[in-house]
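Subject: Structure handover

Dear colleague,

Here is the structure you are taking over, with the sequence alongside. My notes on it follow below.

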Amino acid sequence: MAPSVDRMVPLLVALLFLCLGAEAVDRSNFKTCEQSSFCKRQRELKPGQSPYRALLDTLELSDSRITLQLINDNNKVRLLLELYRLHGNMTRVKINELKPLKPRYEVPDVLITDPPTEPMTLVAQDENGLVLSLGVDEQRVIVSARPFRLDIVEGPTVLLSLNSRGLLTFEHLRLRKDTISHKITSTVGSMWDSIKSVFSSKHDADAEDGGGAENAEQADDEDEQTVKEEEDKPGMWEETFKTHSDSKPNGPSSISLDFSFPGVDHVYGIPEHADTLKLKDTDGGDPYRLYNLDVFQYELHNRMALYGAVPVVISHNTERTMGIFWLNAAETWVDISSSTAGKTVFGKMMDFVQGSSEVPQIDVRWISESGIIDVFVMLGPTPNDVFAQYASLTGTQAFPPLSTLGYHQCRWNYNDQEDVKAVDEGLDKHDIPYDFIWLDIEHTDGKRYFTWDPHKFAQPKEMLQGLMDKRRKMVAIVDPHIKVDSGYKIHNEIRSKSFYVKTKDGADYEGWCWPGNSGYPDFTNPEIRAWWASKFAYDQYEGSMENLFTWNDMNEPSVFNGPEVTMHKDALHGSWEHRDVHNIYGLYVQRATSEGLIQRSGGVERPFVLTRAFFAGSQRYGAVWTGDNAAEWGHLKSSIPMCLSLGLVGISFCGADVGGFFKHPSTELLVRWYQAGAYQPFFRTHAHLDTPRREPWLFGPDNTALIREAIRQRYALLPFWYQLFYNAYRTGQPVMRALWVEYPKEPATFAIEDEYLLGKDLLVHPVTDEGAKGVTAYLPGKGEIWYDVHTFQKHKGAQNLYIPVTMSSIPVFQRGGSIISRKNRVRRSSACMENDPYTLYVALSPKGTAEGEIYIDDFHTFNFEKEKQFIHRRLHFSDNALSSSNLAPDSNFSTAAWIEKVIILGATQPTSISLIAADGTKSAVEFEFDSAASVLSLRKPGVNAGADWTVLLQ
């Protein structure tokens, strides 16, 4: 019998998948800057030759902004500069065409509100420029006219410069030369030039009479019609990559602007790249690329684009931290250049002001294919100030349900319901806690999302109920490519409502992905997002229950037979081209899914959605992971800087596939990856369809015990993780932090990427080298002390510490001066531990003090926010007294959890210990003291975790 089309589709897709690079990334599938025509054009421009000039007589100043026109002296096209002073020590700069042929795309839905402005005042103005006051610590904006340039200064210090290298470029929208419209326009222009020439002699004579600057401006205005004919370059009006053609109906539209950071030689950010935490100089190579792409088994130490794009750069030196948020969703390239400020014109100004001839400087140049320039300059001055500033623009990390911070068991794919049950029972049999088991694309009926395979998953509710009975949950994948199949309800609804992305000719855009021929819903349309969200209702998503959550993969979007494995740029989202919106598409998919999970519960339950593609603001909708990594030691190492970079730009809920997605890890690598993953925010194992099974008990009892111990350490620390995520939700501070964030004046921390902080109180240095017998950890903080959390041994800060390791070692240190809560009774899932007692670990500072917090709510609903149903307490130790006080007196919540034990590190032996309860009653507390380790253990204080109490050491 001949094979049916339906049976052939999975085989064809699998073959295409292999051709795209299942063994290693095929670089030829993805563009270099040289192959991206707009990037090539922009990079051909040389610094120091800016044609842009500020027309100072067009200045308009209002309470909320200033506007000023810029003119390109080569083509006489005018731009409109808008400058805003924003609340919270930020400045916004917008540049657009003054009179574009048609509107240019401005990114919506990323900013959580219209940023509040504060007034600016004009301090000085002459024919060369103007000075504006920002009203904060002698901050000024200096606008230079010829060439246009903008400097932000504070007192005598230049903080940041725009267009100091003269690389501002704004390709204006224009008519194509071979069109009828252009020919008519050109003819009229020639006639006008002839008429003007009749009057030119009188104009010249007037100018010679000494009309000054005013006449010069007038001459410029009158000459505006005389435009130098710009030469068309390859790729301006159409572009071909491999077999794919981009019609470019709007022609060239790219933009560029350079920023200089004098006194800075460390910049970070612009994820996602499998590269170092500190951004590297791109001179002599490609810029960093931001263009969401499905890259199979990506390479390390590479500036190629990956699955997500957050256009934020953060600069740091010992004096100041600042950030630039480039709000543009088109394909973007970022050049980083290290120089010495003393070697530039700007550097000479720095020499004069500061008396230094060797001031380091980093120049950052942004190049985007379309849209406008819309930049937020976040002036810090501290790292936490920058995090707060960025959070005020794009929001904070969504506060996840506690269960999502537990361990996630996943592979592509668990075969059927019996397989799910066997894995669940296997984890129980081996006493390994977990909260979620995951189903990849094979669980569906022929890759039709929102469905179940009728043979392998015939009773999904029975399966989900079995998990619920054990207080566990499931995640099922729902991708945004929809199988084109007239028998598929979802497809039929989308087509009937005309909800698919369109081709340039107006037909439904179709491409190949896992189901075969697929359509792509236009998630940029709010009506479509609302429809998508409605599909998660329990009566719409058949077989779903309240313990089923969602994974959005392939949402770059991935199009197997598209250019660079993604959508054609001239596809249409309403009136906008895909080129304008590409990097925000994945955010919209995750947003619609998240809203669907919230709506299905009537707004009560917090959602969980994992996404692969992301943009600025994606933190508001769930978690991300680092994509299709490989079972290699290098990929384990790279997971740290990749997640640290994401944390710096607001996305705290990050993790990597434990064990590596592609290939098969050695037992040593797998164990080490579990140990590292247990101390990263999102903790999920995952593996490719073709890899051998790797459940934790399949590698012998010794390795099972090592993996079990790593996971149990994760569960014991869940109260601490939960409090960190609450803090991230409230403040925008990252959960997983680069050391320099907490030690900003300590240069030794600035490039460290093999260790990190959780909050400010735990330092983690995973073992990431094969066969390691030891690691060297840098313990920051001169005058501080750190305690090994396993041995309680005390170490001084500001030193490199060599730590011998065995296969059971996970080097973790608690900062002296902190209090961390744990739950040491580890059970099979986080929900089973909700009312279990706490153990407080009090690590004393050299001054004998410590500080911490404990946060408790119902762990899964929005009631903490809507009804103020939570407990938030301050834990404080000083003068030999440990106390718990209420940080939220207007909150209303009770817990059955209590304080079971207090362990004080760095203590001295007391003669007695007493507990003073909230009602004033006093009782004795039993204790033990280990004089060799200086550890004091208090047994069963017995107080409620939500109560006021004090423990006195005498």
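Helix α8 (residues 417–429) packs against helix α9 (residues 460–469) at an angle of about 5°, and their axes are 10 Å apart. That makes the two, α8 and α9, roughly parallel. The model is a predicted one, and everything below should be read as such. On the α8 side, the residues in the contact are Gln417, Val420 and Asp424, and they meet Pro460, Glu462, Met463 and Leu467 of α9. Sorted by class, the contact of α8 with α9 has four nonpolar, one polar and two charged residues.

The next helix pair is α11 (residues 526–534) with α13 (residues 585–600). Their axes come within 7 Å and cross at roughly 45°. The helices α11 and α13 are therefore oblique to each other, and α11 passes α13 in a right-handed crossing. From α11, Arg529, Trp532 and Ala533 take part; from α13, the residues they meet are Tyr588, Val589, Arg591, Ala592, Thr593, Glu595, Gly596 and Gln599. By class, five residues in the contact of α11 with α13 are nonpolar, three are polar and three are charged.

Helix α15 (residues 667–677) is a matter of burial. Of its 11 residues, 10 are buried, so α15 is largely enclosed by the rest of the structure. The buried ones are Glu668, Leu669, Leu670, Val671, Arg672, Trp673, Tyr674, Gln675, Ala676 and Gly677. What covers them includes the helices α14 (633–648) and α16 (701–716), as well as the strands β22 (407–409), β34 (657–658), β35 (683–685) and β37 (756–758).

Pro641 sits in α14. Is Pro641 buried or exposed? Pro641 has a relative accessible area of 4%, and the cut-off for buried is under 20%, so Pro641 counts as buried. Not counting residues up to four places away in sequence, Pro641 touches Asp275, Thr276, Leu277 and Glu753. Pro641 and Met236 are 405 residues apart in sequence and, C-alpha to C-alpha, 37 Å apart in space.

Arg612 lies in the loop between β31 (609–611) and β32 (623–625). Arg612 is buried too, with a relative accessible area of 1%. Again leaving out residues up to four places away in sequence, Arg612 touches Asp294, Tyr307, Gly308, Asn552, Asp553, Met554, Asn555, Glu556, Ser558, Trp625, Gly627 and Asp628. Between Arg612 and Thr404 there are 17 Å in space, C-alpha to C-alpha, and the two are 208 residues apart in sequence.

Last, the nonpolar cores. In soluble globular proteins, nonpolar side chains tend to be buried together. Which residues touch the most other members of the largest nonpolar core? They are Phe325, Leu758 and Ile904, in a core of 206 residues. Helix α17 (residues 718–731) supplies the largest share of this core, nine residues. Another core, of 50 residues, lies apart from it; among its members are Val143, Leu150, Ile152 and Leu159. As for Ile904, its contacts beyond the neighbours within four places in sequence are Val842, Leu844, Phe877, Ser934, Val935, Leu936, Leu938 and Leu953.

Regards

Methods: Residues are numbered from 1 along each chain as its sequence is written. This is a predicted model: local features need pLDDT of at least 70, side-chain atom pairs count only at pLDDT 80 or more; totals for chains, interfaces and linings use all residues. Side-chain values use heavy atoms; hydrogens and water are left out. A nonpolar core is a set of buried Ala, Val, Leu, Ile, Met, Phe, Trp, Tyr and Cys residues joined through side-chain atoms within 4.5 Å. Buried means under 20% relative accessible area, exposed over 50%, partly exposed in between (1.4 Å probe, protein chains only). Helices (H or I, at least four residues) and strands (E, at least two) are DSSP runs, numbered from the N terminus. Contact means heavy atoms within 4.5 Å. Axes are lines fitted to C-alpha atoms, for helices over the stretch in contact, and angles run from 0 to 180 degrees between N-to-C directions. Angles under 35 degrees count as roughly parallel, over 145 as roughly antiparallel, 65 to 115 as roughly perpendicular and the rest as oblique. A crossing is left-handed if the near helix is turned anticlockwise from the far one by less than a right angle, and right-handed if clockwise. Ala, Val, Leu, Ile, Met, Phe, Trp, Tyr, Cys and Pro count as nonpolar, Asp, Glu, Lys and Arg as charged, and the others, Gly among them, as polar.
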